[in-house]
Amino acid sequence: MFLEHSYQFLITLVILVGPIPLIQGLLSRVNVTPGKSSTILKIYMFCCLWFCFQTTLIMFVSLLGFLNLIVIIALESTMLAAGLIWIKSRNLYQKNRQKSDRPKLGSLEILLIALITTVILLRTYENFVIPISEYDSLAYHLPEMAHWYQTQSLDMFFTQTLQTTYAYNWELFSTIFILPFGNDFAVLLGQSMVWIFWGMGVYLLGRHAGAERIYAIGTSIVLMTMSLTLFNIKTMRIDIAFAAFFTAAVTFLLYYQKFKNAWFLFLASLSASMMLGIKMSSIPYLCILILLFAFIKISTRFSRQTTNAVLSSEGVGNFRRIILGIAGLCLFVLLGCVWYIQNTMRFGNPLGFVGMKIFGILLFPGSEITESLYKSSLAAVFEWKNSDHWELLGQQLRQQLGLNGGLLVFSLIGIVLFYFYSARNKERRVLTILVLISAGCLFFYWNTPFSAVNKLGNPLKPWFGQAMRYGMPFLGVLAAISAVGWTILGFRKEIFALIVCISVLSTLSSYNHYLIIVGIFACTGLTKSGYAAKTVHFFGEHKFIVVSSVIILLLCVTFSARNYREMLQVQRCAGIYQFIDKNTEGGEKIGFIMSYMPYLLFGKNLDRIPVNLSEEASTMGDLDQIININRIRYIAVGPFPENWQDKPGASWIDSHIKFWKPVHNKNPYVNLVIYKVHQGK
């Protein structure tokens, strides 16, 4: 078992490091001059390219029908070798080693960095250990990924539901972490990575708008540790990734506005394409980015002001600008438009089943009309004069955002004071842009379908609190604005750091409190005592030893986490995996009807084939024949949703369930129940 895990772990490492030399070679041509946050900016650019490289790779092989581990490893290894040869032949690594901004960190900044580092390590470990049990993840995110893994292509698992028309860039990217292990052990690794990426983007956005470093760090941490955020990183929900790439696109566009470097525009295009391919509701957010770009181009024509560039334009001549432009356009089509093109080919509508109607004119027909979907939004359901609605809103804001959200809102007092009393127009420009963008994001969140209710006609219930994740793009921009607000208020930095620490600890379990406090003091003490500098020096002198030690440590930790995860799966999944492994064979089909847990029926190693009888029930009457043709011996039912009697197939279940024998679990109102069916009945 340990040898198998070691092999799979090393394959994962190859996937992780595959594009790194090529990206390093590309960015070596972008000369970063010492300036505010230029080091973090370079890392941020690197991360953006890494995400886009990996998504492009897996998208390409999936479209060709070669989504398998051998092809992925071959391509990653080729990229790794080519990148290393390129760097060595051009001596790019040495050329790119130049003095960068490394201002000395203060004690409070070290404290906050130690805090978020400890939280990141704990949450990432938990993502490896704790099986996913969230509704949407088990209902359609993970089933589509498991189906792609089985078919090695973009063949869709669902065919008759709204989810089959969604944009799935993030799920496709995360599938790359299923390939080495053959299961979902590392599937949330991408969530942890994009979570950090989002925090870096908010930090850079705040700094670019004029925030001091400690306030930018603090507000990024506050955003990353909200209850809403921490819950979503342990699911396969796509909202953090969506917000992260929207924030990246805004950040790169604002850097482009100031420094006029083509690389920023290229990276903004990549970020926008990733965002567009992650979620269909990104279309209005794309309009925000287009308007921002148009404003930048128009304002540039009327301004001849020059600035000292943080990125040198050297090496970005007209020819390379053209190359960047062509590459950006091609990647925009591949990363941002594939799902919409696929929907157009299948349904004659880029939005699939959602018909588009503008000013009474039907652009694309569909079974779902935008006007009816609008009725599920907060804009349509929330009643401004209803005190109960305001009470519900307050409850959910406290539950989902907590003290962290209060910190972001409180700092807006500083923004108001700034606009009333400051005459510094140069500093107002970026801040005003962010305020307008945040207003646009809030408007789109308020009008997003299903932001209020998940079924048309339902009254407003506490459920809408979990749908606040649709507002994460707004929260990201708000956090950047908040960093400026805290800077303007000029709170004592010691008090601000203390408040941030309290707000972070308030969102975590008591067990994590102890570990985080220990981690904070350990990291802070090591840094202040000088051991960190000695460690960095040792790393420089003994790179092979240090890297090998880290890899061995990670190998042992992940092996331990994997064993613990398998134990938890028995409890969290009600023994479904164990029953399937014991009573069915690889490649066997298992029916399910009216269940939000079809992912569990793929089995622990994703080698069983669930058959969605709910879809069949809406199109074919004789399900008994379907069961016989597919040689289905077991059917999974439940847990039943609200008003399950109104669902397609309910009457069929009522007429058949009395003839079936429950062989795993017994109450379909509580658990997923597996029945053994009689052939021919």
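## Salt bridges and the basis of the model

A salt bridge is defined here as a side-chain nitrogen of Lys or Arg within 4 Å of a carboxyl oxygen of Asp or Glu. The structure holds 12 salt bridges. The model is a predicted one, in which local features need pLDDT of at least 70 and side-chain atom pairs count only at pLDDT 80 or more, whereas totals for chains, interfaces and linings use all residues. Residues are numbered from 1 along each chain as its sequence is written, and side-chain values use heavy atoms, with hydrogens and water left out.

## Overall architecture

The chain has 30 helices and 8 strands; helices (H or I, at least four residues) and strands (E, at least two) are DSSP runs, numbered from the N terminus. Of its 681 residues, 53% count as buried. The term buried denotes under 20% relative accessible area, exposed over 50%, and partly exposed the range in between (1.4 Å probe, protein chains only).

The accessible surface of the chain comes to about 30,800 Å², and carbon and sulfur atoms account for 65% of this area. Accessible areas come from the Shrake-Rupley method with a 1.4 Å probe; for residues, only the protein chains shown count as cover. A contact requires heavy atoms within 4.5 Å. Among contacts between residues at least 6 apart in sequence, 76% join residues at least 24 apart.

Helix 19 spans residues 402-410, and its residues Asn404, Gly405, Leu407 and Leu408 are buried. These residues lie on the same side of helix 19, because they cover an arc of only 155° around the axis. The arc is that of the directions from the helix axis to the C-beta atoms.

Two packed helices are described by the angle between their axes and the distance between the axes. For helix 19 and helix 23 (residues 493-506), the axes come within 7 Å and cross at roughly 145°. Helix 19 contributes Leu403, Asn404 and Leu407 to the contact, and helix 23 contributes Ile499, Ile502, Ser503 and Ser506. By class, this contact has 4 nonpolar, 3 polar and no charged residues. Axes are lines fitted to C-alpha atoms, for helices over the stretch in contact, and angles run from 0 to 180 degrees between N-to-C directions. In the classification, Ala, Val, Leu, Ile, Met, Phe, Trp, Tyr, Cys and Pro count as nonpolar, Asp, Glu, Lys and Arg as charged, and the others, Gly among them, as polar.

The side chains of arginine 565 and aspartate 184 form a salt bridge with an N to O distance of 3.0 Å. Arginine 565 lies in helix 26 (residues 543-572) and aspartate 184 in the loop between helix 8 (169-175) and helix 9 (189-208), so the pair ties together parts that are 381 residues apart in sequence. Both arginine 565 and aspartate 184 are buried. A further salt bridge joins aspartate 239 and lysine 279 (2.5 Å, N to O). Aspartate 239 is in helix 12 (residues 239-259), while lysine 279 is in the loop between helix 13 (262-278) and helix 14 (282-301), so this pair connects parts 40 residues apart in sequence. Aspartate 239 and lysine 279 are likewise buried.

Glutamate 588 and arginine 633 also meet in a salt bridge, at 2.9 Å from N to O. The two are 45 residues apart: glutamate 588 belongs to the loop between helix 27 (576-583) and strand 4 (589-593), and arginine 633 to the loop between helix 29 (623-629) and strand 6 (634-637). Glutamate 588 counts as buried at 11% relative accessibility, whereas arginine 633, at 31%, is partly exposed. Salt bridges that share partners join Glu134, Asp136, Arg237, Asp239, Lys279 and Arg469 into one network.

## Backbone geometry

Most residues other than glycine have a negative phi, and most peptide bonds are trans. The peptide bond from glycine 638 to proline 639 is cis, with omega near -10°. Proline 639 is located in the loop between strand 6 and helix 30 (650-656).

Phenylalanine 450, although not a glycine, has a positive phi of about 70°. It is placed in the loop between helix 21 (425-446) and helix 22 (472-489), and its relative accessibility of 25% makes it partly exposed. Methionine 594, also not a glycine, has a positive phi of about 50°. Methionine 594 lies in the loop between strand 4 and strand 5 (609-612) and is buried, with a relative accessible area of 8%.
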